[in-house]
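Work through the exercises below with the sequence and the model open. Each task is followed by its solution in steps.

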There are 2 protein chains.
Amino acid sequence: VTGLPPPLVVTMGEPAGIGGEITLMAWLRREAGLPPFFLIDDADRLERLGSSLGLPVPVQRIGTAEEAASAFAEALPVLHRPLAVPPAAGRLDPANAPRVIAAIEEAVGLVRAGEASAVVTNPIHKKGLYAAGFSFPGHTEFLAALAGDGARAVMMLAIPGLRVVPVTVHMPLRRAIATLDTAAIVATAEAVDASLRRDFGIARPRLSVAGLNPHAGEEGSLGEEDAAVVAPAVAALRAAGVQADGPVPPDALFTPRARAGYDAAICLYHDQALIPLKALDVDHGVNITLGLPFVRTSPDHGTALDIAGTGVASPTSLMAALTTAAELARNRAAASP
Amino acid sequence: VTGLPPPLVVTMGEPAGIGGEITLMAWLRREAGLPPFFLIDDADRLERLGSSLGLPVPVQRIGTAEEAASAFAEALPVLHRPLAVPPAAGRLDPANAPRVIAAIEEAVGLVRAGEASAVVTNPIHKKGLYAAGFSFPGHTEFLAALAGDGARAVMMLAIPGLRVVPVTVHMPLRRAIATLDTAAIVATAEAVDASLRRDFGIARPRLSVAGLNPHAGEEGSLGEEDAAVVAPAVAALRAAGVQADGPVPPDALFTPRARAGYDAAICLYHDQALIPLKALDVDHGVNITLGLPFVRTSPDHGTALDIAGTGVASPTSLMAALTTAAELARNRAAASP
């Protein structure tokens, strides 16, 4: 026992996507301040990938997570889990799907056992996994199920200077409006408030809650939901001691001055959260799952099958995910000693 | 006749708001490259406002627009139109509403007569005008009515590097979805295409059309409208020779790389257009009315009654509106010699 926190565990993600190459690139830039991590992946395919892309990354097979920390400075530590077939860049192969899922399960097991300090997931391709029996809308829901304690998993996306949390995520916009719900806004905001305290080390988090309609409804002349659904949620949050304001006119919520005034923006639909985030910074986005019994982050991009294997993918989002995961794990450990 | 274009005409806007002070401030910064302009306003109240805010602006009463150009270097030229009562900062007075409306009408008359090259409007407060019989949702519709030839007025908002055009504007989000219409998207985009050629001097404009749902509907699993309503509009535009692509996933439309690839983004609802614009730059937004028989711009902010008279308002958006108006008027004159 060195007193250092355990390393981060990184999942392989979809092996036909860019996960492997961006992880190799991130390791090459480890001196930019990256925390030690190890990968659950097929070591042979990583070596082939590094050679073909001219990425000089020594791959070190490790037997346990414990070996990763000392290995990390000189090599990329890998828990070798062979794939069924060698992956071809850009082409999903159902034969490998069970290994993709198994890597996530193993990573969660390691972090729950205290052998890893947090899970960082490479992107998966849901359609490619459904054939293997995967039945979740995405990583977030799968991880919540693995956590298994009925915790409400909440997706936060972060770039430097902005954290956003959509109350509804992958549903048609029409349905996001129809299902808008005071209780869901309150529950989401409370989960965010708790996580900002515990994981982000913010003693008195400030939340801003977006309105739904232009100008947050302009006193009802531009829509009823702001007054009928969102305002009561803000009132309930304040009554519960959460520092929240809103409903804020959506186009006023993301100005530079507004962003400086809150720790997280609670958004009502996918694009209300994602449009400003990606407009401001598409290279350093981190997806953070709040409400799990462990810390989990991922890069805020997909498998990028169209550019996989070409080496043009950027590791910056994964690097931000690694740095963020280590920071959150450190804060959470300090908060619950 | 000097060969120089006529000056710009600026309306007073709501005299209880910030219009007067930002116009005085803009004149003080005229050497930043501002085109000559004159104001239709109460010269006495401007002099009082300048004194009270310590803005050393000599006000010169002019008799005709023609006098403005030579006066502009040394003084702020004003077509003196006395208000009914001296305005109090932040307090709407219905007695002045008819003068606010008359200033807009006079400005339009001057630009249509060729005595001004474009109209730049200071913000109005609609509620304050309704009592005086004003019956339009805003400036844009009023100007279209004054233009009187049934032209389709289209609102564009611009900052350096991004132009956005919402197909629907001030209506509840639920209604914006319910009334989404292929023909309206096509008509709006065609007006934008024509204006980019004529007013912006862009020979081959490139338009990107936003989707409605997350991921532009993800092949129908996240909503039907992208395939059923938006895609046919893009197809019709292309068939008509307009360079358009889409439906683009809304959160992908405003990344730095995406923005570099089009001249204007056609958006489906108010906040889809306004959120990214204001997140990126809230200080230099210009509102441009396309489709009128004259050039009209305005700053992209309101009357700011809460800070009027304090001198903290910034003239940068008005300055951008002035510069843009002069540029568009120049391009339009060159296009129709």
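**Exercise 1: polar pairs and salt bridges**

Between chain B and chain A, twelve residue pairs are in polar contact, both residues being at pLDDT 80 or more. A polar contact is a pair of N or O atoms within 3.5 Å; within protein, one must be able to donate a hydrogen and the other to accept it, and residues adjacent in sequence count only if both atoms are side-chain atoms. The model is predicted: local features need pLDDT of at least 70, side-chain atom pairs count only at pLDDT 80 or more, and totals for chains, interfaces and linings use all residues. Residues are numbered from 1 along each chain as its sequence is written, chains are lettered from A in the order in which they are written, and side-chain values use heavy atoms, with hydrogens and water left out.

Task: state how many salt bridges there are between chain B and chain A, and find the partner of B:Asp251.

Solution. Step 1: apply the criterion, a side-chain nitrogen of Lys or Arg within 4 Å of a carboxyl oxygen of Asp or Glu. Step 2: the count between the two chains is six salt bridges. Step 3: B:Asp251 pairs with A:Lys278, with 3.2 Å between the closest N and O atoms.

**Exercise 2: the side of chain B that touches chain A**

Task: determine which helix of chain B gives the most residues to this side, and how its residues divide by type.

Solution. Step 1: helices are DSSP runs (H or I, at least four residues), numbered from the N terminus. Step 2: α7 (173-178), α10 (256-259) and α11 (270-280) of chain B each supply at least two residues. Step 3: α11(B) gives the most, with nine residues. Step 4: the side divides into 18 nonpolar residues (Ala, Val, Leu, Ile, Met, Phe, Trp, Tyr, Cys and Pro), eight charged (Asp, Glu, Lys and Arg) and seven polar (the others, Gly among them).
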